[in-house]
Amino acid sequence: MRLYDAKYNQTCKICNFTISHNKQGRFTLHLKIQHHISLNEYLISYYYSSDELNCSYELCENKVKLYRGKPKKFCSNACASRNKAKPNICHVCGKKFDTTVRPHRATKTCSKYCENQLRSNSTYNWHKSMSKQQKDEHFTKIISKTAMTRKKNHTPSWNSGKTGIYSQEVIKKIRKSTLKQMENKVFRKTKIEILMEVFLKEFKIAYTYSFILENRQFDFYLKDYNILIECDGGLLACTQNFIQIQQTGSLKE
Ligand SMILES: [Zn+2]
Ligand SMILES: [Zn+2]
Ligand SMILES: [Zn+2]
């Protein structure tokens, strides 16, 4: 890259007018009179290529401003200071990221989606590392937790209250398939997300799960209504046309 310097000879990239230097501002005057632009505008639009104006911080896609006709290194002080530390690398997808998308430096993953992946991967490894006896105990715990939730939500299972309907053999089979489900990461979504999904399916509403908009991940996107749904923390927030954000209370209500 040849940096602009008033001492060098200048050839106008718009009309090929050439002058030996711009020390007295004659080239600047040419630009103003012939093309109605300032030297700064000319340098940005015609002299430097787009790549030469990229911010030097690797995760930034902004363009830099000029200082005395030369591109600055960074687009902002924030980028200059972020550049001092190495970006984090996502433990799941390997993408580089920084505190602009994940406020805590200790976060291992680049997005909520990768975070869920990591969680289910570690659940998978955890299940894999369990002994048979541990698996059985873990399984029993999950079953009793599910039963408690069902009781609380008044949604008894079809076999509730019935005893002796399963043979030992069948129970073994169910256990095996449940463990397999766990290992196949079927339980990746949070409880409230699953409830929301059931609701959407019931009303035949088309949705995209884990929708990403402007570096932010939302739980559901309803294309036909242009609505984003965030189930986080038990609160349901809708954004209409991506502008208006309103909390509509907890999902239970
Ligand atoms: Zn010209
Ligand atoms: Zn920048
Ligand atoms: Zn990732």
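Which residue just after α5 takes a positive phi? The close-up views below give the reply, along with a short tour of this predicted model.

**View 1. Helix α5 and the residue that follows.** Helix α5 covers residues 132–152, which makes 21 residues. From its first C-alpha to its last, α5 reaches 30 Å, close to the 30 Å expected at 1.5 Å a residue. Just after α5 comes H154, the residue with the positive phi, at about 55°.

**View 2. Helix α7 and its end.** Here you meet the 12 residues of helix α7, running over 191–202. The helix reaches 17 Å between its first and last C-alpha, close to the expected 16 Å. Just after α7, K204 has a positive phi of about 55°.

**View 3. The largest nonpolar core.** Six residues gather in this core: F27, L31, L39, Y42, L43 and Y48.

**View 4. Confidence along the chain.** The protein averages a pLDDT of 81, and 81% of the residues score at least 70. Among its elements, helix α1 (residues 26–35) has the highest mean pLDDT, 97, while strand β11 (residues 244–250) has the lowest, 41. Over residues 233–253 the pLDDT is below 50, and this stretch has 29 contacts in the model beyond near neighbours in sequence. Where pLDDT is low, predicted coordinates should not be read in detail.

Conventions: Residues are numbered from 1 along each chain as its sequence is written. Chains are lettered from A and ligands numbered from 1 in the order in which they are written. This is a predicted model: local features need pLDDT of at least 70, side-chain atom pairs count only at pLDDT 80 or more; totals for chains, interfaces and linings use all residues. pLDDT is the predictor's confidence in each residue, from 0 to 100. Helices (H or I, at least four residues) and strands (E, at least two) are DSSP runs, numbered from the N terminus. Two residues are in contact if their C-beta atoms, placed from the backbone, lie within 7 Å. The expected span of a helix is 1.5 Å times one less than its number of residues. A nonpolar core is a set of buried Ala, Val, Leu, Ile, Met, Phe, Trp, Tyr and Cys residues joined through C-beta atoms within 7 Å. A residue is buried if 20 or more other C-beta atoms lie within 10 Å of its own, exposed if 12 or fewer, and partly exposed in between; C-beta atoms are placed from the backbone.
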